[in-house]
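Biologist: I am new to this one. Please show me how to read its features, step by step.

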Amino acid sequence: MIVSELTQYLENVAPLAYQESYDNSGLIVGDRNMAVTKILISLDCTEEVVNEAIEIGANMIVSHHPIVFSGLKKFNGKNYVERVVMKAIKNDIALYAIHTNLDNVSHGVNLKITERLGLENAKILEPKKSLLSKLVTFVPNEHAANVRDQLFAAGAGHIGNYSECSFNAEGYGTFKGNDYSNAFVGEKNITHTEPETRIEVMFPSRLEPSILKALKKAHPYEEVAYDIIGIENEHQEVGSGMIAEFKEAVSEVEFLNILSKSLNTPVIRHTALQNKMIKKVAVCGGSGSFLLNSAMKNNADAFVTADYKYHQFFDAEGKILICDVGHYESEQFTMELLLEKIQKKFPTFAVCLTKCNTNAVHYFKG
Ligand SMILES: [Zn+2]
């Protein structure tokens, strides 16, 4: 297997287009055409992890957090970022990060957290807007079914749990070709009227090139008539955080126990208990305090995330139980998620989880 086979698969799972603007997901170091010997999965790509890769003969590291966020100007090993990059290049190790793009998809980091906690009916907490487009095209009636099928095959017409979604209306189109035209029907310089179907389908905007390619291939006209319209609708399967629920509500103390056990977290920083039952839970792996309003609007009883600051805890206003479980703790099962996905797709390939605990935060119990 070469590097690009794995990256293409991972970018199918979590498209790079869905990463946040500050992020740097994707192939950070390495040649796309290099043959991969073994893959090492980690949450952070530290020097320790690169050393481990060298020891076990892995030449590709897939981490959640990117080692590089912004431009590096010098490479002399004065900080850990430069040292990791230099060591990886020296040892022909590819570094790949799958970060906020994996946070933002509905089968990523946050679904894994809801599964660990035993929650069900998980939905994206704050779906993103402006990621969808609509294609409207006009097709001679007898070709409409084929054009529709080709558009569906290219990724159009998926909405939530439904596929092959389209709207169709019959009408007629007119055209008059000049001397140079090579029309599918009708004659040069004579106005032609053709019974046509207006087909409308939605698609993720990132797929526009392949959707247009499929359209032009399937449509019989020399000049294909189509409109592409950016739409504001939320993308239900892409966005920040998730909200899910317990089958049976649990007490606050039971809930804290579930968190502590299922996330192996030694400390949970939380707001005052209100003696309420917990049924609906919002989760966001990593730094999620920006989602508190969405969690409250969606009537979550608790909000599980990390990196909460002192003053932000007051924003709960006694209406929601904020639980800061630790950044590493909240995201550690992302490694398992990546392992499961890669093993399922490439069952014979050597993939393993790091043995290094890369948590930068330690807890002192006096
Ligand atoms: Zn993180």
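Modeller: Start with Glu200. At 16% relative accessibility, Glu200 counts as buried. The cut-offs are under 20% relative accessible area for buried, over 50% for exposed and partly exposed in between (1.4 Å probe, protein chains only). This is a predicted model: local features need pLDDT of at least 70, side-chain atom pairs need pLDDT 80 or more, and totals for chains, interfaces and linings use all residues. Residues are numbered from 1 along each chain as its sequence is written, and side-chain values use heavy atoms, without hydrogens and water.

Biologist: Which residue forms a salt bridge with Glu200?

Modeller: A salt bridge needs a side-chain nitrogen of Lys or Arg within 4 Å of a carboxyl oxygen of Asp or Glu. Here the partner is Arg198, with the closest N and O atoms 3.0 Å apart. Arg198 is partly exposed, at 33% relative accessibility.

Biologist: How many salt bridges does the rule give?

Modeller: Eight. One of them joins the side chains of Arg83 and Glu47, at 3.1 Å from N to O. Arg83 lies in helix H3 (residues 80-90) and Glu47 in helix H2 (residues 47-56), 36 residues apart. Helices (H or I, at least four residues) and strands (E, at least two) are DSSP runs, numbered from the N terminus. Arg83 is partly exposed at 33%. Glu47 is partly exposed as well, at 26%.

Biologist: Glu82 also meets Lys78 in a salt bridge. Is Glu82 buried or exposed?

Modeller: Buried, at 3% relative accessibility. Lys78 is exposed, at 59%. Their side chains meet at 2.9 Å, N to O.

Biologist: Now the strands. With which strands does E8 pair?

Modeller: Two strands pair if DSSP finds at least two bridges between them. Strand E6 (residues 132-140) runs antiparallel to E8 over nine bridges. Leu132 stands opposite Pro204 there. Strand E7 (residues 167-175) also pairs with E8 in the antiparallel sense, over nine bridges. On that side, Gly173 faces Glu194.

Biologist: What about Phe246 and Phe255?

Modeller: That pair is edge-to-face too, at 6.0 Å and 80 degrees. Both Phe246 and Phe255 are buried. Ring pairs also link Phe175, Phe184 and Tyr221 into a cluster.

Biologist: Which ring does the charged end of Arg116 sit over?

Modeller: The ring of Phe333, 3.7 Å from its centre. The rule asks for NZ of Lys or CZ of Arg within 6 Å of the ring centre and within 35 degrees of the ring normal.

Note on methods: Rings of Phe, Tyr and Trp (its six-membered ring) pair if their centres lie within 6.5 Å; planes under 30 degrees apart count as stacked, over 60 as edge-to-face and the rest as tilted.
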